Structure formats: structure tokens, C-alpha cells
Amino acid sequence: MAAPKELRYSEEHEWVKVEGEKVRVGITDFAQHELGDIVFVELPEVGAEISADEAFGSVESVKTVSELYAPVSGKVVEVNEDLSDSPEFVNDSPYEKAWMIVIEPTDLSEVDKLMTAEQYEAMIKED
């Protein structure tokens with residue numbers, strides 16, 4: 001389960017892709033694998049203000065419900081509506097089709113505090 005090198009990662013298994021002044025967020029391949037088959041995804045509304053390390057939604061699998069934690073603070077400017085009808089995208093395509101939200105960060109430098117792919121891979125090997 002290689003983590004894409006161009007992304008940054010949180011300890012809660014969210015990935016972040018910087019796109020100009022915004023960041024796209026989803027959960028990692030490792031996280032979806034641990035959760036099992038995803039059957040429901042709950043996401044915030046566009047316009048919601050979220051804070052780093054606070055829950056912004058949840059994913060429900062056949063095994064459990066898991067909170068999603070914001071890797072950075074800011075305003076939600078886009079939500080992946082496709083996940084309402086197709087939550088299985090989280091299992092099938094965690095880094096492409098299953099992005100969850102796009103955030104306009106309050107402070108883009110918060111991304112620098114997240115783990116690199118190498119650091120994230122080392123963390124999940126310890127688990």
C-alpha cells in the first residue's frame with residue numbers, strides 16, 4: 001500500500017493534495033483497507049468552517065463508523081457529491097474518485113506540518 005509521494009498525510013489517515021490556494025482531502029488506501037467495505041459517507045455542507053484535528057464527517061463500513069478529521073483549518077468550498085450514491089469509490093479509488101472535500105485553508109502552511117509519504121508509510125508499518 002504505497003502512499004502517493006505528492007500528497008501529505010495526517011496521523012488520522014487523511015491525505016491532502018495542494019491545488020493552488022486550496023487543498024483536496026480524502027482518506028488513505030490504508031484507512032479504507034482497515035475499515036472494509038464502505039457503505040455510507042457523511043460530509044459537511046459547502047461553506048462550513050472546519051478546524052484542524054476536529055471531525056468534519058464520517059465513513060460507515062460494514063464493520064464500524066469512523067470519524068473523518070480535518071487535516072487543516074478553513075472553509076469547505078467543494079464536496080464530492082458522487083460519494084452519496086457511490087460510497088464504494090472509497091474502496092475502489094481512494095486517491096482519485098473518492099476525494100471527500102476541498103478546503104480553502106485559513107493558513108496554507110498547516111500543510112507543511114503533515115507527514116510526507118515516507119513518514120506516513122513508516123507510521124503505518126509500526127501499527
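A residue counts as exposed here when its relative accessible area is over 50%. Lys-63 has 60%, so it is exposed. That matters for reading this predicted model, since UniProt, in an unreviewed entry, puts the feature "modified residue: N6-lipoyllysine" at Lys-63.

**The annotated lysine**
- Lys-63 sits in the loop that runs between strand S6 (55-61) and strand S7 (65-69).
- Leave out the neighbours within four places in sequence, and Lys-63 is in contact with Glu-34, Leu-35 and Gly-36.
- With Glu-34 there's a specific atom to look at: the Lys-63 side chain reaches the backbone oxygen of that residue at 3.1 Å.

**Aromatic pairs**
- Searching the whole structure turns up 2 aromatic pairs.
- One of them is Tyr-9 with Tyr-120, a stacked pair with 4.8 Å from centre to centre and 15 degrees between the planes.
- This pair links distant parts of the chain, 111 residues apart: Tyr-9 belongs to strand S1 (residues 8-9), and Tyr-120 to helix H4 (residues 117-126).
- Tyr-9 has 0% relative accessibility, so it counts as buried; Tyr-120 is buried too, because its value is 1%.
- Trp-15 and Tyr-95 also pair up, but tilted, with centres 6.0 Å apart and planes at 50 degrees.
- Trp-15 comes from strand S2 (residues 14-19) and Tyr-95 from the loop between helix H3 (89-92) and strand S9 (101-105), so this pair ties together parts 80 residues apart in sequence.
- Both Trp-15 and Tyr-95 are buried.

**A charge over a ring**
- Have a look at Arg-24 as well: its charged end sits over the ring of Trp-99, 4.4 Å from the ring centre.

**The sheet**
- An open sheet is built from 6 strands, in the order S1-S2-S3-S9-S8-S5, with antiparallel pairing.
- At the edges you'll find S1 and strand S5 (49-50); each has a single partner strand, so one side of each is left without a neighbour in the sheet.
- Strand S3 (residues 22-27) and S9 run antiparallel and are joined by 3 bridges.
- To get your bearings in S9, find Ile-103, which has Val-23 standing opposite.

Conventions: Residues numbered from 1 in each chain as written. Predicted model: local features only at pLDDT ≥ 70, side-chain atom pairs only at ≥ 80, totals over all residues. Heavy atoms only, no water. UniProt positions renumbered as here; feature names shortened; annotations may be inferred. Helix = DSSP H or I, 4+ residues; strand = E, 2+ residues; numbered from the N terminus. Buried < 20%, exposed > 50% of the residue type's maximum accessible area, 1.4 Å probe, protein only. Contact = heavy atoms within 4.5 Å. Polar contact = N/O pair within 3.5 Å; in protein donor to acceptor, adjacent residues only side chain to side chain. Phe/Tyr/Trp six-rings, centres within 6.5 Å; stacked < 30°, edge-to-face > 60°. Lys NZ or Arg CZ within 6 Å of the ring centre and 35° of its normal. Pairing = 2+ DSSP bridges.
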